Amino acid sequence: MSIYYKYDWDEQNKELTVYINPTEAFYEFSVEYASNHEKLSKRKSLLDSARKLASEVLPKGTVVNSYRVKFQQFLIAVLDENNGATRELLEGPACGRYKVKQNETLKDISQMFSVDENSLRKVNQLDGDTIFVGMNIKVPCYLHTVLTSDSLLKIAKRYDISRDPIRRLNNLDTDCLKIGQELKIPKRTQ
């Protein structure tokens with residue numbers, strides 16, 4: 001069974017958008033995708049699987065410049081065909097910001113957003129746990145665009161996180177969402 005279940009072709013940009021099978025659990029997939037362990041990593045199979053699908057569904061000889069890999073409506077990566085390079089969004093610059101308050105520690109912030117302390121250290125280029133009041137801490141996150149059928153509860157369940165970290169990171173006073181609104185979802189990694 002292919003990792004992808006459907007595709008869209010953009011003739012103008014010569015880009016094939018492939019959709020990861022929805023039977024994959026998003027959180028588990030993203031953790032495995034981000035893994036550097038060769039035997040576990042789905043990273044190496046993404047481009048090969050996309051190429052195979054392209055050869056099956058596109059007319060013979062069609063030039064493909066890049067592949068957009070999506071899980072439902074979430075963009076996971078853009079894979080360039082020419083050099084095989086990956087412009088990754090899953091591990092890219094998507095970060096929320098949080099201003100450190102009096103008596104807060106890195107551990108407090110990590111628990112508040114359900115994010116691993118090491119991830120916070122890495123994204124903020126911290127050598128230790130020293131933070132100070134007023135410091136803007138980056139919180140690694142996914143970007144989610146709200147769809148018609150979305151609710152904060154559904155989104156939280158989809159990312160395997162509670163609603164509170166999403167509310168805090170997006171400064172939400174209510175659970176009411178607008179279609180097209182972009183939410184930052186704290187990225188639970190270990």
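Strand 1 (residues 4-10) and strand 2 run antiparallel, joined by 6 bridges. The model is predicted. Across this pairing, Trp-9 stands opposite Leu-16 of strand 2. The two strands form a hairpin with 4 residues between them. In that hairpin, Lys-14 takes a positive phi near 55°.

Strand 2 also pairs with strand 3 (residues 66-71). Here the sense is parallel, over 5 bridges. Thr-17 has Arg-68 as its bridge partner in strand 3.

How many residues of strand 2 (residues 15-20) are buried? The count is 6 of 6, so the strand is mostly covered, with buried meaning under 20% relative accessible area. In a regular strand, side chains alternate between the two faces of the sheet. In strand 2, both faces are covered. One side carries Glu-15, Thr-17 and Tyr-19. The other carries Leu-16, Val-18 and Ile-20. Each of these residues is buried.

Gln-125 has a positive phi, yet is not a glycine. Asn-171 likewise has a positive phi without being a glycine. Are these residues buried or exposed? Gln-125 is exposed, and Asn-171 counts as exposed too. Both calls follow because the cut-off for exposed is over 50% relative accessible area.

| Residue | Phi | Loop | Relative accessible area |
|---|---|---|---|
| Asn-171 | about 50° | between helix 6 (163-169) and strand 8 (182-186) | 66% |

Key
Residues are numbered from 1 along each chain as its sequence is written. This is a predicted model: local features need pLDDT of at least 70, side-chain atom pairs count only at pLDDT 80 or more; totals for chains, interfaces and linings use all residues. Side-chain values use heavy atoms; hydrogens and water are left out. Buried means under 20% relative accessible area, exposed over 50%, partly exposed in between (1.4 Å probe, protein chains only). Two strands pair if DSSP finds at least two bridges between them.
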